[in-house]
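Subject: The two-chain model, handed over

Hi,

Here is the structure I promised to pass on. Have a look at it first, then read my notes below.

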Amino acid sequence: MRNPFSTTLLFELSRPGRRAARWPQCDVPAPPVEALVPAEMLAERPPPLPEVAEPEVVRHFTNLSTLNMSVDTHFYPLGSCTMKYNSKRNERLAGLSGLAEVHPLQPHSTVQGLLRLLWELAQMLAEISGLPGVSLQPAAGAQGELTALLVAAAYFRHQGQRRTKVLAPDSAHGTNPASARMAGFEFVTVRSRSDGTVDLDDLAAKLDPQVAVFMITNPSTLGLFDPQVAQIAQRVHALGGLVYLDGANMNAILGKARPGDFGADMMHFNPHKTFSGPHGGGGPGAGPICVAAALEPYLPVPVVVERDGQYFLDEDRPLSIGRVRSFFGNVGVLVRAYCYLRTHGPDGLPQVAEHAVLNANYLLSRVAELMSVPMGRRCMHEFVASAATLKKQTGVTAMDVAKRLLDYGFHAPTVYFPLTVPEALMIEPTETESRQTLDAFADALARILQEPPELLHQAPHTTPVSRPDEVRAARHPVLKWTPPDADQVDGGR
Amino acid sequence: MAYLYNTPDDVAAMLARIGVASIDELFTSLPEELRLKRPLKLPPAMSELELTSHVAQLAAENDDVRRKVCFLGGGAYDHFIPAVIDSLASRGEFYTSYTPYQPEVSQGTLQAMFEYQTLICQLTGMDVSNASLYDGGSAAAEAVLLAMSVTSRSGKVVVLESVHPHYRQILSTYLANLGTELITVRAPGGWVDPAAVAAAVDSHTACVLVQHPNFFGCLEEVAALAEAAHRVGALLVQVFDPISLGLLKRPAELGADVAVAEGQALGIPLSFGGPYLGIMACKEAFVRRLPGRIAGQTVDRRGQRCWVLTLQTREQHIRREKATSNICTNQGLMALRAAIYLALAGPQGLAEVAALCVRKAAYARQQLTLGGRLECRFDRPCFKEFVLRDRQGQVREWLAQAHQAGFLAGLPLGQWYPELDDCLLVAVTEKRSRAEIDALAQVGVGRAGGGAPPAPHVRATRALA
């Protein structure tokens, strides 16, 4: 059934003179373009875009879409990414013209409904996090981290303190060190113990008055809640530092525990994970942050505020770090988060956490019979299996297992992360999967582990393409299509 | 609950299998004293029907651009969005997938990324494009960081005052702790004299940041600015308007080293500011310093052409604190929309939209200044936006009057440029009809206020709302 022509590129479909979209004739009596724009600024001809017809654009991209696995079509237990069901009602509501067709610089009086929605969302995030100051502006979790670190830097500068370091455990997402660096800090790694918790001795050795922020992902990327978190926060606070919670894994503790209550001063949410905003093939997400009251004055502008039942965007905040992106933020993603929270309410959110944790532990109980799960028999929302023993015994790697799962119709877990577990397979089923699906996944894994290693090394066998040559892609980068007659000139393919 | 599967029987069987008596037992790693011992104070849950009415009500409280005729610009524009874009981008296989970590089951996303990158290179004339960043403003800041890295200069960055005020604010936020001096060159005539930039740059300057067409809609002398930058070994970063490239010379032809843009105009809804699309393209030599995801072509084990995420050693998940940026996603769905837009438009279509914008803006500029109250503030060629001065100095009052008459008529500029407190910025896209422009020109003239606005080209209503 698969269309064999779907991988033809748009540029190869192009034929001179073919058209898709057409615009109306100009209905104003204005002079031609040449009379309005100086000749030296005009291009000789328009950009050499492909020339295709509307039906072939539709067929092309529709066929391309069928080459993807997605949450709508497959179980997608990609650890740390919280690939839960993306509700259709949220899509429809975010598309309402009163939300989707509103200009970001309209007068506040003309967007009261939208500002109210955003203000209520901020209130809900403050309640869920236990941290009262909210900025909805950051465009992604990584930008939320950067924003919070800039907030921390501004806070210390205002206190007359110069702090130069940011600390995070070795199991942290790569965004933590990269954000610290972008915010102008030196980054220092703190070791984890073999049980996945922060090594308090190593922390003590690295904690000093130069430390601005300790970043912790809790629950961690190993799917474990570090029970020392309050104690860690005490130590950091004792030296005047701040604690940042990477909220990537909030799905596990919604309504169960609040970062503000266990010592965090700042955190970000990933609404595209926790609050089911669709991942869009890699974005857009959003990265709202919540902070303690003392940090609130430093949040980016604008902040949505309410006064006497009227809502507006407050730009006049003298201590603010400024802006981190244009306009207000990824509003379309935030609207979906709002819809998600209003759908679940105070009883539904803890149930999300409960069933996410139940599903993960159930799958863990099945996988642990098949593979090593180094961090033990219990987890929060996800767990990390290891193919290290398997590799030693049979040569089969985590990547082989992951690729073979694709043949069985399952998206692979996250592999080779966190870096602290060798041959890691990080599995996060989410709450929106059935026991039957989890069983089918575990059954497939059991069968795969019985299969000949050679079959696994060559997997996948049934997908639209087999394993790509990634080394070649990196050594001889081909990052765009070039016309065939340019082949000889620049070696393009 | 809304999206859960597990029945009480499932739960019982699963708990038995795990070997615990209750779900609560699974949370024992949460120390008792750290737990929330009360329900969250959130509004009660809503069914789909209730939620739909509630959100539709909130949406109805906003003046959207179907209800008011939109002449607002300033980095976000009311351009027409062909139906094909919504139809294709709403396919679940696109919008419910994630970053293509498993290329064998993500070729749809990867090929679309590769096509997007090619289209952006064709559009700008640049050598390489990434697979997108968050938005135009943060892309401009990332471009400056790239320039600092490429030139190994972090002492000084020169930015033109005619660059979008938000973009300059973002840049200033991003540079706050890096010890870099940010020099802003004034734009007294609505554009910047290249001589003023030549005087501001020196051997410590990493780059010059220019927007063309600029925030005021005026055209800048980019080629001369590029020369001025290159003379001292600095890069030229150009913020462009993708629609304008249907007519104007491409950034590469003008000498830009890095080209960035807000891609919202390419088929992305206004959505009160986001999600939008950060476009970024540069010269080949800088590719390993480029932030963000990049798709590359290769072959699979059967020798078939296919695509993967590549050059990942630039990125945070491999390089951690040494990465080119902390960015770990692109704006995949928005890049897809832009790719579809550019494919639908083609070279002729893009030229048509651009020409409609220029000509309608020229007509509007002329009509709006006929009444005597408004005058052109800058005598400079424009693309689709222009600045008007209210001779009565009552910009907000005039805008309120226009709003009464059914228009979102323009942006008061005093909030960003105190010396332009009596000015407003008006944008005219291909969607604005002659009748709409003529009606806006009547605001504040004679009988004052005018009647109801005429029907715009598009006034479809959605099934919902």
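Let me start with a helix pair across the two chains: α11(A) and α1(B) cross with a left-handed sense. (Left-handed is when the near helix is turned anticlockwise from the far one by less than a right angle, right-handed when clockwise.) Their axes cross at roughly 50° and come within 9 Å of each other, which makes α11(A) oblique to α1(B). The axes here are lines fitted to C-alpha atoms, for helices over the stretch in contact, with angles from 0 to 180 degrees between N-to-C directions. As for the angle words, under 35 degrees is roughly parallel, over 145 roughly antiparallel, 65 to 115 roughly perpendicular, and the rest oblique. From α11(A), the residues L358(A), N361(A), Y362(A) and S365(A) meet V11(B), M14(B), R17(B) and I18(B) of α1(B). Sorted by class, that makes five nonpolar, two polar and one charged residues. Contact means that the C-beta atoms of two residues, placed from the backbone, lie within 7 Å. For the classes, Ala, Val, Leu, Ile, Met, Phe, Trp, Tyr, Cys and Pro are nonpolar, Asp, Glu, Lys and Arg are charged, and the others, Gly among them, are polar.

Before going further, some housekeeping. This is a predicted model, in which local features need pLDDT of at least 70 and side-chain atom pairs count only at pLDDT 80 or more, while totals for chains, interfaces and linings use all residues. Residues are numbered from 1 along each chain as its sequence is written, and chains are lettered from A and ligands numbered from 1 in the order in which they are written. Helices (H or I, at least four residues) and strands (E, at least two) are DSSP runs numbered from the N terminus.

Now the interface as a whole. It takes 170 residues from chain A and 169 residues from chain B. On the chain A side, helix α11 (residues 331-367) gives the most, with 21 residues. That side of chain A divides into 92 nonpolar, 46 polar and 32 charged residues.

Chain A has a domain assignment of domain 1 (10-65), domain 2 (90-343) and domain 3 (351-465); such bounds come from an automatic or database assignment. The centres of domain 1 and domain 2 of chain A, taken over C-alpha atoms, are 42 Å apart.

I216(A) sits in strand β4 (residues 211-217) of chain A and counts as buried, with 29 C-beta neighbours inside 10 Å. (Buried is 20 or more other C-beta atoms within 10 Å of a residue's own, exposed is 12 or fewer, and partly exposed is in between, with C-beta atoms placed from the backbone.) Setting aside neighbours within four places in sequence, I216(A) is in contact with P169(A), V229(A), I232(A), V243(A), L245(A) and D246(A). L245(A) is 29 residues away from I216(A) along the chain, yet their C-alpha atoms are separated by 5.1 Å. The other spot is the cis peptide bond from V301(A) to P302(A), with omega near -5°; P302(A) is in the loop between β7 (289-291) and β8 (303-307) of chain A.

On to chain B, which has 14 helices and 15 strands. Of its 465 residues, 63% count as buried. Its C-alpha atoms fill a box of roughly 80 × 55 × 50 Å along the principal axes.

Within chain B, helix α12 (residues 332-368) and helix α14 (residues 434-441) have axes that come within 9 Å and cross at roughly 25°, so α12(B) and α14(B) are roughly parallel. This crossing is right-handed. K360(B), Y363(B), A364(B), Q367(B) and L368(B) of α12(B) make the contact with I437(B), D438(B), L440(B) and A441(B) of α14(B).

The loop between β7 (258-262) and β8 (278-282) of chain B holds P275(B), which is joined to G274(B) by a cis peptide bond with omega of about 5°. F272(B) is in the loop between β7 and β8 of chain B too. Though not a glycine, F272(B) has a positive phi of about 50°, and it is buried, with 29 other C-beta atoms within 10 Å. S152(B), also not a glycine, has a positive phi near 50°, but S152(B) is exposed, with 7 C-beta neighbours inside 10 Å.

Cheers
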